[in-house]
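Hi,

Here is the structure I said I would pass on.

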Amino acid sequence: MIEAILLKALFALIVIGVLMGLCAYSVLAERKVSSWIQGRVGPNRTALPFVAAIPIVGPMLQRMGIFQPIADGAKFLFKEEPVPGHVNKFYFFLAPILSIVPALLTVVVLPFGEYYTAAGEACPIVLANLDIGILFVFAVSSLGVYGIIIAGWASNSKYPLYGSIRASAQMISYELAMGLSVLPVFLWANAPQSDAGLNLFSVVSAQEDIWFIFWQPISALLFLVALFAETNRLPFDMPESETELVGGFHTEYGGFKFGLFFVAEYAHMIIGSAVFTILFLGGWNFLPGLGDLWPHNVLGAIISVVWFMAKVAMLLFLFLWVRWTLPRFRYDQVMNLGWSVLLPLAIANLLFYTLLIAFIERA
Amino acid sequence: MAKVIERKPLNWAEKTYLPQILSGLKVTFRNMFRKKVTLEYPEERPALPAHYRGAPTLVKDPNDRVKCVSCQLCEFVCPPKAIRITPGSINPGADPERSHVEKEPKEFEINMLRCIYCGLCEEVCPEEAIFLQNTFSLTGQSREELVFKKDKLLEMGGTLPDSHFKWDKKKEAEVHAAEGGHH
């Protein structure tokens, strides 16, 4: 019993470690991709004294900016942390915590690979294989907006408040379309005589033959657009809008507290990409139509995790690519798009697939 | 006849914005593989055009003689008053090679913190002794360090080709006159 708990705790630490590492390196990826798109070279100077001295490999890693996240993180740790005199101290300190905890919590229910037991039964590699997986993800990830709202409110200054008001409005508007867009996926995954429920692992298992992005492209598009809005990425970065609202909700923050907001944004992005991969890109399945290819042993389990991570990395690149391509929507356009385009489209999409699935099952 | 341009209404696909977004993504993706437009500065230096106006320097003629005769025109023309010259004369006894040259500055200072790189000193110099050359990045730890002295300016300037050889000609003429020639 104790051993099982310790093992789970170790596993959880590894997952959180990997997630934080991914956050750090997605910041590097952001900087590199933005530089390439803008015709620059990007960070290539930071060097660790001993590693960079290794011939060929060291300078190559330095050129790639591999050590840059260490410098970035250390900078946040050693910076002065200003606390303005006009803020509500308790909530001011609470906000960054509230923003990072839900971001890290959602990773608990995400399956990121599969292994086969000795009995030949497929099991997900996951911290907690909940039956209500997707519901848990939605419930917890939307708690992240509390961090932003409290940050804006506690800062007691106009621009953060504007940022947080926009964040809450946007979050409410897009949560609906997002929730409705994934319902057809679960309708399809829950074929008769299956007990898939809202479990994320069974969604991936249902995609062994065809990925849902091909079977339900509109759902995928709606989910992707809503995901951009939920993760506050351009073209929907209303809460920050640095050209209009100074820094948005984190205007009054500096040092490590700002760093936490920063990491939370990237954690949201990574988890959003992972959810999209699970729901629409077939999780760890190799390619659509090829079925379950990975060998049923440890090697197969490792390949499935790596393949899953590769898909997540591709989606992360899409996030960065879109950010450095599109300008920001105006606030009222964002609301308009959410309520009068995405929501009706999501409802129509749900109706269409409900009828279609009912028709198929009747036949 | 006026040309009538047909104004088509947006079609269904265009109203979704998606084709435009995709073409935008294509542009940025292609940009990623273009040649980078930035220089990695301290290692890579920009190729400076000819007659670039960097820091002003003093030059020597091909006979390794200081060309400046401390006429002080540059000092007076200098808009920010960055140049200060202390005129001096050449001791013909100590330096017979240069006895025919009129004068040489005892001290020549350019305050690089004041200099605006306008190039008027180069333009006004009758002896072609001061040139704005390629040094564009000057740093120092103190203000005094950036007041460049004569030695430093001569070192930065080096030797530039000269087509006049004014002092050689003067000497030749003197020799010729001494021999009883015309003049």
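**A buried pair and its network**

Arg233(A) and Glu265(A) are both buried, where buried means under 20% relative accessible area, exposed over 50%, and partly exposed in between (1.4 Å probe, protein chains only). Before going further, some housekeeping: this is a predicted model, so local features need pLDDT of at least 70 and side-chain atom pairs count only at pLDDT 80 or more, while totals for chains, interfaces and linings use all residues. Residues are numbered from 1 along each chain as its sequence is written, chains are lettered from A and ligands numbered from 1 in the order in which they are written, and side-chain values use heavy atoms, with hydrogens and water left out.

Back to that pair: the side chains of Arg233(A) and Glu265(A) form a salt bridge at 3.2 Å, N to O (a side-chain nitrogen of Lys or Arg within 4 Å of a carboxyl oxygen of Asp or Glu). The two sit in distant parts of the chain, 32 residues apart, with Arg233(A) in the loop between H10 and H11 of chain A and Glu265(A) in helix H11 of chain A. Helices (H or I, at least four residues) and strands (E, at least two) are DSSP runs, numbered from the N terminus.

**Other salt bridges**

Over all chains, the search turns up 12 salt bridges. One of them is between Glu40(B) and Arg63(A), with the closest N and O atoms 2.7 Å apart. This pair joins two chains, because Glu40(B) is in the loop between H2 and S1 of chain B and Arg63(A) is in helix H2 (residues 57-64) of chain A. Glu40(B) is buried at 16% relative accessibility, whereas Arg63(A) is partly exposed at 41%. The contacts of Glu40(B) (heavy atoms within 4.5 Å) are Val41(A), Asn44(A), Arg45(A) and Arg63(A), leaving out residues up to four places away in sequence.

Within chain B, Glu109(B) and Lys149(B) make a salt bridge through their side chains (3.9 Å, N to O). Glu109(B) belongs to strand S3 (residues 103-111) and Lys149(B) to the loop between strand S5 (147-148) and helix H5 (150-157), so this pair ties together parts that are 40 residues apart in sequence. Both ends are partly exposed: Glu109(B) has a relative accessible area of 23% and Lys149(B) one of 37%. Salt bridges with shared partners also put Glu30(A), Arg233(A), Glu265(A) and Arg323(A) into one network.

**Cavities**

On a 1 Å grid over the protein atoms alone, a cavity is a set of points where a 1.4 Å probe fits but cannot get out, and a pocket is an open set with protein on both sides within 12 Å along at least five of seven lines; lining residues have an atom within 4 Å of a point. Grid points are joined across faces, edges and corners, and a volume is the space filled by probe spheres set on the points.

That rule gives five cavities of 30 Å³ or more. The largest cavity has a volume of about 150 Å³. It is lined by 15 residues, and Glu265(A) turns up again among the closest to its centre, along with Ile148(A), Asn232(A), Ala264(A) and His268(A). H11(A) gives the largest share of this lining, four residues.

The second largest cavity holds about 120 Å³. Of its 14 lining residues, the closest to the centre are Ser141(A), Met178(A), Leu227(A), His268(A) and Gly272(A). H11(A) contributes the most to this lining too, with four residues.

The largest pocket comes to about 1500 Å³. It has 48 lining residues, and those closest to its centre are Leu221(A), Leu224(A), Val225(A), Leu18(B) and Ile21(B). H12(A) provides the largest share of the lining, nine residues. By class there are 39 nonpolar, six polar and three charged residues (Ala, Val, Leu, Ile, Met, Phe, Trp, Tyr, Cys and Pro count as nonpolar, Asp, Glu, Lys and Arg as charged, and the others, Gly among them, as polar).

The second largest pocket has a volume of about 500 Å³. Phe11(A), Val15(A), Phe112(A), Ile125(A) and Val305(A) are the closest to its centre out of 26 lining residues. Its lining splits into 24 nonpolar, one polar and one charged.

Cheers
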